[in-house]
Amino acid sequence: MKARSAFVLWACVSLSHAGAVGSASLKSQIDSIVAPYVAAADFMGVVAVQRDGEQALILPYGLASVELDVPHRSTDVFAIGSVSKQFTAVAILLLEQEGRLRTDDPVSKYLPAFAGGEQITIEQLLTHTSGVADIYSLERFGETAGQGGTFAEVIDDLSEMERTHPPGSAYAYSNGGYAVLAAIIERASGVTYGEYLDRRIFKPLGMSNSAHDEPGPAAANRVPGYDPWGHDKLTPAALISAAFSTGAGSIWSSAADLLTWTSALHGGQLLSDAAYEKFTRDYGYAYGYGVSVFRRFGRDVIGHDGRVAGYASDVARYLEDRVTVVILSNVQSVARDEIRRLVAAATFGESYSVPRQRRFLDRPSTALAELVGVYSFGPGFNVTTTESNGRLLARANEGGDSELIPLSETEWFSRTLYATVRFGRDDSGLVDRLIWGLGEGAPIGRQIR
């Protein structure tokens with residue numbers, strides 16, 4: 001890639017005309033939306049839009065392989081991260097339809113060795129209200145960089161880990177809870193998590209490019225993943241082991257398969273009316289069973305995003321319009337959030353702003369060592385900043401590192417998280433806090449060491 005020093009911000013140009021889904025007009029608008037993100041190396045992948053019963057618009061952008069200079073194709077297959085959760089949730093509901101479990105059953109009915117499982121229901125796992133710790137909080141994850149251990153050992157770790165809150169008392173997003181759901185699926189079905197998805201979802205729907213991640217021969221069309229590096233570069237990324245991602249973020253899929261999935265799921269081909277109502281209900285936190293429940297542009301939306309090392313994704317279903325928007329990238333960057341909103345705006349004829357580029361600061365005068373520390377944003381949530389080879393890195397709990405790049409002497413930007421942060425100083429001029437965002441109400445982490 002050519003060297004550039006840029007990131008995306010909003011220009012003042014607004015558009016409000018959209019063509020029909022699949023039209024040349026909409027394609028042109030999506031091309032103009034995505035181009036600056038590709039130029040900044042913050043997005044490479046596939047964007048897809050389809051209204052049920054109409055031809056899909058599936059558009060590839062950028063490189064599938066940076067090393068080989070191979071462009072993306074519309075058929076490429078990506079790790080979809082937490083978009084996987086809706087498949088886990090539907091698997092649970094299919095098992096309930098088969099009479100093999102109930103969502104109000106306690107975890108202990110299927111995993112009797114899971115500590116405190118008699119107090120946690122399957123529904124609480126589905127809605128992130130169980131109190132089960134997140135995968136990224138496990139010592140095993142941090143010690144092995146997400147590569148060591150077996151799925152059974154991860155479940156044991158989650159059993160022993162202190163609960164974040166009493167079951168049912170609060171919402172706390174937990175990949176760990178979805179790992180436990182995968183273990184329940186295996187116990188209730190008598191087959192592995194991947195086998196159950198394949199038998200009950202992928203094969204019946206003809207989703208030939210979709211599968212749970214597990215050791216095996218190389219799979220056709222799967223693209224390598226990359227993480228942002230510096231102002232405009234990318235570095236190859238290694239996915240975490242399926243031991244840590246099973247149930248929560250372990251599925252690979254293509255744009256065409258995900259369009260098939262949403263059409264079938266929301267078209268009544270998989271779930272009964274009662275099960276679908278449970279799946280899409282807002283349980284009080286804008287979250288259903290493995291999906292977010294919200295409104296965008298005055299429309300009801302069911303969707304989820306995903307982000308794992310090397311990849312970012314988003315699938316949104318606009319219910320009344322029967323339209324699905326899919327974003328798949330082999331760059332781990334939350335630039336995806338901006339792209340998904342802009343593409344939806346173009347699709348529905350809403351006004352939007354065309355992004356442009358601007359330069360980062362080449363070298364700040366602040367010594368990186370001044371910014372290194374551990375910042376507490378509340379019980380159980382710390383952000384650690386470190387210096388490595390002239391780069392400032394930030395890490396939440398035991399998660400992966402995200403580089404912070406200077407925009408100015410006071411503001412830093414994460415290409416991975418697509419967020420601007422600031423460091424505050426005390427009366428003596430020493431850095432004592434990390435401010436995540438630009439608004440007055442931005443979360444503040446106090447330096448604890």
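This is a predicted model: local features need pLDDT of at least 70, side-chain atom pairs count only at pLDDT 80 or more; totals for chains, interfaces and linings use all residues.
In what order do the 3 strands of the open sheet lie?

The protein chain has 11 helices and 23 strands. Its radius of gyration is 22 Å, close to the 22 Å that the globule rule gives for 449 residues, so the chain is as compact as a globular protein of that length. Along the principal axes, the C-alpha trace spans about 65 × 55 × 45 Å. Of the 449 residues, 54% are buried. Contacts across the sequence are worth a look too: among those between residues at least 6 apart, 64% join residues at least 24 apart.

Now back to the opening question. The order is 6-10-7, and the pairing is antiparallel. Strand 6 (77-79) and strand 7 (211-212) are the edge strands, each pairing on one side only.

The largest cavity, with a volume of about 70 Å³, counts Ala79, Ile251 and Trp252 among its lining residues, together with others including Asp213, Leu239 and Val308. By class, that lining has 6 nonpolar, 3 polar and 1 charged residues.

The structure holds 2 cavities of 30 Å³ or more. The second largest cavity has a volume of about 40 Å³. Strand 8 (226-229) and strand 19 (402-406) are the elements that give two or more residues to its lining, and strand 19 provides the largest share, 3 residues. Arg415 and Thr416 are also among the residues that line this second largest cavity. Its lining has 3 nonpolar, 3 polar and 2 charged residues.

Further along the chain, let us follow strand 21. Why can this strand be called largely enclosed by the rest of the structure? Because 5 of the 7 residues of strand 21 (residues 419-425) are buried. Strand 21 pairs in the antiparallel sense with strand 20 (residues 411-414) over 4 bridges, and Glu411 stands opposite Arg422 in strand 21. The hairpin of strand 20 and strand 21 has 4 residues between the strands, and there Tyr418 takes a positive phi near 50°. Strand 21 also pairs with strand 22 (residues 431-436), again in the antiparallel sense, over 5 bridges. Here Val421 stands opposite Trp436 in strand 22. This hairpin has 5 residues between the strands, with Gly429 at a positive phi near 90°.

Finally, a helical region. In helix 5 (residues 151-160), the residues Phe151, Val154, Ile155, Asp157, Leu158 and Ser159 are buried. What do these buried residues of helix 5 pack against? Their partners are helix 4 (139-144), helix 6 (175-189) and helix 8 (242-245).

How values were computed: Residues are numbered from 1 along each chain as its sequence is written. Side-chain values use heavy atoms; hydrogens and water are left out. Buried means under 20% relative accessible area, exposed over 50%, partly exposed in between (1.4 Å probe, protein chains only). Two strands pair if DSSP finds at least two bridges between them. Contact means heavy atoms within 4.5 Å. The radius of gyration is taken over C-alpha atoms; the globule rule is 2.2 Å times the number of residues to the power 0.38. On a 1 Å grid over the protein atoms alone, a cavity is a set of points where a 1.4 Å probe fits but cannot get out, and a pocket is an open set with protein on both sides within 12 Å along at least five of seven lines; lining residues have an atom within 4 Å of a point. Grid points are joined across faces, edges and corners, and a volume is the space filled by probe spheres set on the points. Ala, Val, Leu, Ile, Met, Phe, Trp, Tyr, Cys and Pro count as nonpolar, Asp, Glu, Lys and Arg as charged, and the others, Gly among them, as polar.
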